[in-house]
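Me: I have a model open and would like to learn how to read it feature by feature. Could you walk me through it?

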Amino acid sequence: MGSKKLLQKSHYCTISAKARVISDETRAVRLANLTGNQSKHSALQKTQDVLDHKQSNNSNSPKYGNKKLPNALIVGVKKGGTRAVLEFIRIHPDVRALGTEPHFFDRNYDKGLDWYRGLMPRTLDSQITMEKTPSYFVTREAPRRISNMSRETKLIVVVRNPVTRAISDYTQTLSKKPDIPSFEELAFKNRSQGIVDTSWNAIRIGMYILHLENWLQYFRLSQIHFVSGERLITDPAGELGRVQDFLGLKRIITDKHFYFNRTKGFPCLKKPESSSQPRCLGKSKGRTHVQIDQEVIEQLREFYRPFNVKFYEMVGHDFRWD
Ligand SMILES: Nc1ncnc2c1ncn2[C@@H]1O[C@H](COP(=O)(O)OS(=O)(=O)O)[C@@H](OP(=O)(O)O)[C@H]1O
């Protein structure tokens, strides 16, 4: 076999090994989130050990290294574009990330930090460990718990127009439970009087300033980086450039890594040479949204406006959601 073919073959093996690792890892964390029992957790640990072994056979991964608690977390927001940020940043050679959402600081906190650390990929000292769980942003206890782990944790929040975010959230729920009430019914306590139901999660999550105030009790604003969910779609390289700066990483991910996939309607990662792996996000990202009456959208815009303005003032950036 010629040297070029050999190279291509080993590259292909690395990619398919990585794909296997990701699907095993997904199974492992899902298991932990679905069950609360101890024997399943040791099964999870075993699966994770197998993953580590597989990853150590992957030439892209360190042969040695340690499982470390994350230095950086993507803490929100749900439907903001958190998966895209994680999948894009993890192509950086100095980043290793858990592919699935461990929900440690909300649902699995009682399992302890050792359990959490055990889920993480092995990293060299120079590498950053990351995970993403979008529900952390709206979990009251999450900032305190994360600051107890390390006060130096870097936090990333992907924010998006709260009205579009709410519709995206509802569209996702509807895809799983087709019998739920209409968006309008859930969004308002009294629609004719314009009284919004702030107890509905799809609405509450978008009141970003309220959640942010909770985080600022434990973290400095400079420890939190806000990614624009809108610009992440129109200029992924620009947003990822700022994420790399924030994480203290060399800017390796650039516009050379992205292309706009017309079928998907979103930016995707360029395929590494000779790989058959899809590099666009899955079907649950970029769903066609439920059609919502323009008047309802206007009412929600009005509702969010004061919260948005306070949020812009606090973070020093106008996201232009009006
Ligand atoms: N490159 C790329 N490809 C696909 N989708 C992209 C991308 N960049 C951002 N987005 C937007 O990400 C939205 C899903 O957000 P999350 O990943 O945070 O969702 S989740 O909370 O993890 O379910 C998803 O929301 P919907 O379009 O409403 O499905 C996308 O708009």
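Me: Among contacts between residues at least 6 apart in sequence, what share joins residues at least 24 apart?
Reply: Contact here means heavy atoms within 4.5 Å. In this protein 72% of the contacts between residues at least 6 apart in sequence join residues at least 24 apart. Before we go on, some ground rules: this is a predicted model, where local features need pLDDT of at least 70, side-chain atom pairs count only at pLDDT 80 or more, and totals for chains, interfaces and linings use all residues. Residues are numbered from 1 along each chain as its sequence is written, and side-chain values use heavy atoms, with hydrogens and water left out.

Me: How many helices and strands does the protein have?
Reply: Helices (H or I, at least four residues) and strands (E, at least two) are DSSP runs, numbered from the N terminus. The protein has twelve helices and eleven strands.

Me: What fraction of the residues counts as buried?
Reply: Buried means under 20% relative accessible area, exposed over 50%, and partly exposed in between (1.4 Å probe, protein chains only). Of the 322 residues, 48% count as buried. As for area, which comes from the Shrake-Rupley method with a 1.4 Å probe and, for residues, counts only the protein chains shown as cover, the protein exposes about 16400 Å². Carbon and sulfur atoms supply 50% of that area.

Me: Now the ligand, please. Which residues are closest to the ligand?
Reply: A residue is near a molecule or strand if one of its heavy atoms lies within 4 Å of it. The ligand has 23 residues around it, and the closest are Thr82, Lys132, Ser168, Gly286 and His289. Nonpolar residues (Ala, Val, Leu, Ile, Met, Phe, Trp, Tyr, Cys and Pro) are set apart from charged ones (Asp, Glu, Lys and Arg), and the others, Gly among them, count as polar. By that scheme the shell holds eight nonpolar, seven polar and eight charged residues.

Me: Which element gives the largest share of the shell?
Reply: That is helix 3, with four residues. Helix 3 (82-89), helix 6 (162-176) and strand 11 (266-269) each supply at least two shell residues. Eight of the eight residues of helix 3 are buried, so helix 3 is largely enclosed by the rest of the structure. Arg83, in helix 3, counts as buried at 17% relative accessibility. Setting aside neighbours within four places in sequence, Arg83 is in contact with Gly99, Thr100, Glu101, Lys132, Leu281 and Lys285.

Me: What does UniProt list as the "active site"?
Reply: UniProt positions are given in the numbering used here, feature names are shortened, and annotations may be inferred rather than shown by experiment. The unreviewed entry lists Lys79 for "active site". Lys79 sits in the loop between strand 2 (72-76) and helix 3 and is buried, with a relative accessible area of 14%. Not counting residues up to four places away in sequence, Lys79 touches several residues, including Arg160, Ser168 and Asp169. The "binding site" in the unreviewed UniProt entry includes Lys79, Arg83, Ser168 and Gly286.

Me: Are Ser168 and Gly286 buried or partly exposed?
Reply: Ser168, in helix 6, is buried at 6% relative accessible area. Gly286, in the loop between strand 11 and helix 12 (294-315), is partly exposed at 44%.

Me: Where does Thr171 lie, and what does its side chain meet?
Reply: Thr171 lies in helix 6, and a polar atom of its side chain is 2.6 Å from the backbone oxygen of Ile167. Beyond four places in sequence, Thr171 is in contact with Arg287, Thr288, His289 and Val290.

Terms used: A polar contact is a pair of N or O atoms within 3.5 Å; within protein, one must be able to donate a hydrogen and the other to accept it, and residues adjacent in sequence count only if both atoms are side-chain atoms.
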